[in-house]
Structures are given as C-alpha cells and as structure tokens.
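This report describes how two chains are built and how their parts meet.

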Amino acid sequence: MKTGALEVGRLIMERDLRLAFRKPSQLLQPLLFFMIVATLFPLTLTPELSRLRDAAPGVLWIGALLSSLLALEFLFRDDAQDGTLEQFALSGQSLTWMLFAKTCTHWLLTGLPLALSAPIAAVGLGVPGEAMWSMVASLALGGFALSLVGAITAGLTLGARRGGVLLSLLTLPLAVPILVFGADATQRAIMGDAIAPPMYLLGAIAVLGLTLAPLAAAAAVRIGLE
Amino acid sequence: MLSVSGLHLWRGDRHVLRGVSFSATPGQCVLLTGKNGAGKTTLLRAIAGLLDPEEGEVSWRGVPARKTRDAFHAELAYLGHEPPLKGDLSGRENLKFSIGIRRDISRAAIDAALERTGASSFADRSMRMLSAGQKRRVALAGVLLTGAVLWLLDEPTTNLDTDGQHLVAALIDEHTHGGGIVIAAVHHLMGLVSASPVNLDLGAA
C-alpha cells in the first residue's frame, strides 16, 4: 500500500536526523562559525556595555545569516550527489512535501540550535537577561524563514558546479527583509520595547515561505536533476 | 502499456535521441544497446521523466506519462549508473527509508529481498564499507522491493561478478514472467536473459 503523506514526512525527518548525527562535523560547523563570529566581535569593539549592546542585533543577525548560508549548502547537495534525491523525485510521492520535510529537518538541525545557543554569545554583547527569550524567538522564527527561502536557492543551484558562491549571491537579496525585521526585533527586545510588530512581519515572511517555497524548491530541484 | 513515440532530445548542441519510438507490453524485456554516448542513459532518463524531451511523448497505460507523473512513478523503478544509497547508512536502513517513502514495507520483506540478491550478509554494514558490487546488490534488492511494474535499469550488471550477472538476468526473467516490463541498457546481459528480449539499437554516438 502507498505510504501516507505523514509517514513520508516522518521517514524523511528520521533519515535526515540519523544522517546528521552520524556526521556531526557537518552539523557543528555552522554553529561553531556563528559562535566564533559572535564571541570575537566584543573583543574588537570598545568594552563599553552600552556600545556593545548597540552592536548586538547586527552582530547576532549577520552571524546567523552567514552561518545559515554555510548550512544551506548541505540541504540538498549530498542527496543530489548520491542519487537519493532523484529517487525522491521518482517515488510517486509529492516532491514538494518531501522537500518541505527536509527543510523543516534542516531548520531543526541548524536554525534551532543556533537560536538556542545565541544567549551564550549574547551575554558577551551585553544583551540583558530579560531580552534573551525574545531574541531566541526572533532568531528561531527568522531562521525558519531563512531555511524556507534557502530551499528555493539551494534547489536552483543544484545543477551548478561549485554552486556555493551562487547560492550565497541568490539567497542574500531574498534574506534582507528577514535580516532587517529580525535585527529590529532583537533591538526592540534589548531596549525593552514590544517586539510584536517586527515579529508579525517575520511571521508573515515565514508563512509566505511555507506556502510558496516548497513548491518553488520542488520545481527547481526537478530542473536541477536534469 | 509503455509507448515511446518520436522522442527527440538534445543535450547542449548534440542531438542525442533522434526520433526513438518503441513500445513494450507486460512480460516484455527491451534491451537497449549502442556505443558509449549513443543515448541509452538519456533515453532511460527521458522515459523516467527526469529529462524533458524536446519532441515526442512517453505514454503509460495509454496516457501521457507527464500528465499522471506521480501515478506513473509509483509503478516505476529506476536504477541508474550509481546505486542511490547513503554511504552513512546501512543497506537495511537505506531500503527502509527509500522504499518506506513509496509503500508500506515490513522488515521481513526487506530481509527476503536482501536474501534474494545475496546481500543479507552485509546489509547491516555501513554502505561506505562495501564494495561497488555489494552496493549494487543492495540497490537491486531496492528495485525488487518497489513492487513496480516497469523497471528501468541502466547497466544493472556493472561491478557485479559472474554470479551477480546471472542474478540480474534471473531477476529480469522472473519479473517479465510475472507480467512486468523491463527496459535495460546493457553491455553484458545479451544471451543471459531467457525470455527473448527486444533489442533496440541506438547506434553510434
């Protein structure tokens, strides 16, 4: 009997989680990169807490964006190289749904750990304790939107040899709104203001990504497989 | 049941498929022959829907395959040059996930398929540790497990020993006797397949 959609999603998630934990270096690399960038910054700035606090949203979000670009390369590349992505496309199941499951797992493995580890880096940047949860929430939501947007560009660059640079170039313009609203949310959290307005906008981008990105990614992957 | 008509396909500025037409009915095996670069792989990929032909049509059960893509793919098993397996997973895990996303599959069915292709003794080892021939045996177990009617096999005997080549021929025979269709690009299989195969020569490059 044909496998149901939920079971397909579960199997893909289980597979990708298992693969990621068997190759932890690939998992840790973007996270380490983020931690290094975010912890080195305070050393290069005046050790004045108010100044560090001003720079914190920018440092954290640029670190998060660059780190997620690094991680995006692994989203479909390995599966495309060993032919398993091709088998997904020929499985008779919805490729859109399968890529959505892959993208969610990718966020679980890269975006979420990054958001959860951000407070460690944020302490060094003078982010007050009460702003931490809001900052984590904005990074988690923004990271999810980044993964979805990135799925399209990762799909588009599948066919390109050494597509890493192209992937970054294509993703950056699409990621700018996420960066702007995300940094704004973190800034507001640090200042003690309401973070709802930029969070709503981040949420809107994520919802737009949820509805469109998997479809676009599937179309892109089919072209990439040719 | 499968009908390919007037398939034209260019790769870059090379006209690879020049109006290929043939049809296959249940129980039939079509062997694609031709020199390297003649377009055997291209034809198989075009049938599978991985390549879009510039002209011509692939029909399955009388309907253009691209119009009912998912239903067509559910009845198709494609095995390319490289076995589609994850190096960090074992053979059993690979089959659990790759077949599991297509249809419900029991552990016993996986064991039986691995046994049939002579892969059960190394099915729990990481793919990275296996030889190319062993990987191919696991991949062949995957083809068996899909339960698909139409098999598209690209050089299925590559890296296999003589035993393995006979195994592929036997699997093809069993499949066609059971009403399946096999389209295979081959170099070494001629003479091994008992059911008189249809030979489609794609000619020179």
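Two residues are taken to be in contact if their C-beta atoms, placed from the backbone, lie within 7 Å. The model discussed here is predicted.

## Domains of chain B

Chain B falls into two domains: domain 1 covers 1-75 + 149-205, and domain 2 covers 82-148. Between the C-alpha centres of domain 1 of chain B and domain 2 of chain B the distance is 22 Å. Across the boundary, 13 residues of domain 1 of chain B are in contact with 11 residues of domain 2 of chain B.

On the side of domain 1 of chain B that touches domain 2 of chain B, β7 (150-154) and α6 (162-177) of chain B each contribute at least two residues. The largest contribution to this side comes from α6(B), with four residues. By class, the side of domain 1 of chain B that touches domain 2 of chain B consists of eight nonpolar, three polar and two charged residues.

## Overall form of chain B

Six helices and nine strands make up the secondary structure of chain B. Along the principal axes, the C-alpha atoms of chain B occupy a box of roughly 45 × 35 × 35 Å.

## Helix packing in chain B

Helix α3 (residues 91-100) of chain B packs against helix α5 (residues 132-146) of chain B at an angle of about 30 degrees, and their axes are 10 Å apart. Angles under 35 degrees count as roughly parallel, and α3(B) and α5(B) are therefore roughly parallel to each other. The crossing in which α3(B) passes α5(B) is right-handed.

From α3(B), the residues B:Gly91, B:Asn94, B:Leu95, B:Ser98 and B:Ile99 meet B:Val138, B:Ala141, B:Gly142, B:Leu145 and B:Thr146 of α5(B). The contact of α3(B) with α5(B) comprises five nonpolar and five polar residues, with no charged residues.

## Overall form of chain A

Chain A has eight helices and zero strands, and its pattern along the sequence reads α-α-α-α-α-α-α-α. The C-alpha trace of chain A extends over about 60 × 30 × 30 Å along its principal axes. With 226 residues, a compact globule would have a radius of gyration near 17 Å, and the 18 Å found for chain A agrees.

## Helix packing in chain A

Helix α5 (residues 95-124) of chain A packs against helix α2 (residues 24-44) of chain A at an angle of about 20 degrees, with the two axes 10 Å apart. This angle makes α2(A) roughly parallel to α5(A). On the α2(A) side the residues are A:Leu27, A:Pro30, A:Leu31, A:Phe34, A:Met35, A:Ala38, A:Thr39 and A:Pro42, which meet A:Leu109, A:Thr110, A:Pro113, A:Leu114, A:Ser117, A:Ala121 and A:Gly124 in α5(A). The contact of α2(A) with α5(A) contains 11 nonpolar and four polar residues and no charged residues.

Helix α5(A) also packs with helix α8 (residues 196-224) of chain A, where the axes come within 8 Å and cross at roughly 110 degrees. Angles of 65 to 115 degrees count as roughly perpendicular, which makes α5(A) roughly perpendicular to α8(A). Here A:Leu95, A:Thr96, A:Leu99, A:Phe100 and A:Thr103 of α5(A) meet A:Pro214, A:Leu215, A:Ala217, A:Ala218 and A:Val221 of α8(A). Eight nonpolar and two polar residues form the contact of α5(A) with α8(A), and no charged residues take part.

## Contact between the chains

Between the two chains, 21 residues of chain A are in contact with 24 residues of chain B. On the side of chain A that touches chain B, α1 (5-22) and α4 (84-89) of chain A each supply at least two residues. Helix α1(A) gives the most to this side, with six residues. By class, the side of chain A that touches chain B has seven nonpolar, seven polar and seven charged residues.

How values were computed:
Residues are numbered from 1 along each chain as its sequence is written. Chains are lettered from A and ligands numbered from 1 in the order in which they are written. This is a predicted model: local features need pLDDT of at least 70, side-chain atom pairs count only at pLDDT 80 or more; totals for chains, interfaces and linings use all residues. Ala, Val, Leu, Ile, Met, Phe, Trp, Tyr, Cys and Pro count as nonpolar, Asp, Glu, Lys and Arg as charged, and the others, Gly among them, as polar. Axes are lines fitted to C-alpha atoms, for helices over the stretch in contact, and angles run from 0 to 180 degrees between N-to-C directions. Angles under 35 degrees count as roughly parallel, over 145 as roughly antiparallel, 65 to 115 as roughly perpendicular and the rest as oblique. A crossing is left-handed if the near helix is turned anticlockwise from the far one by less than a right angle, and right-handed if clockwise. Domain bounds come from an automatic or database domain assignment. The radius of gyration is taken over C-alpha atoms; the globule rule is 2.2 Å times the number of residues to the power 0.38.
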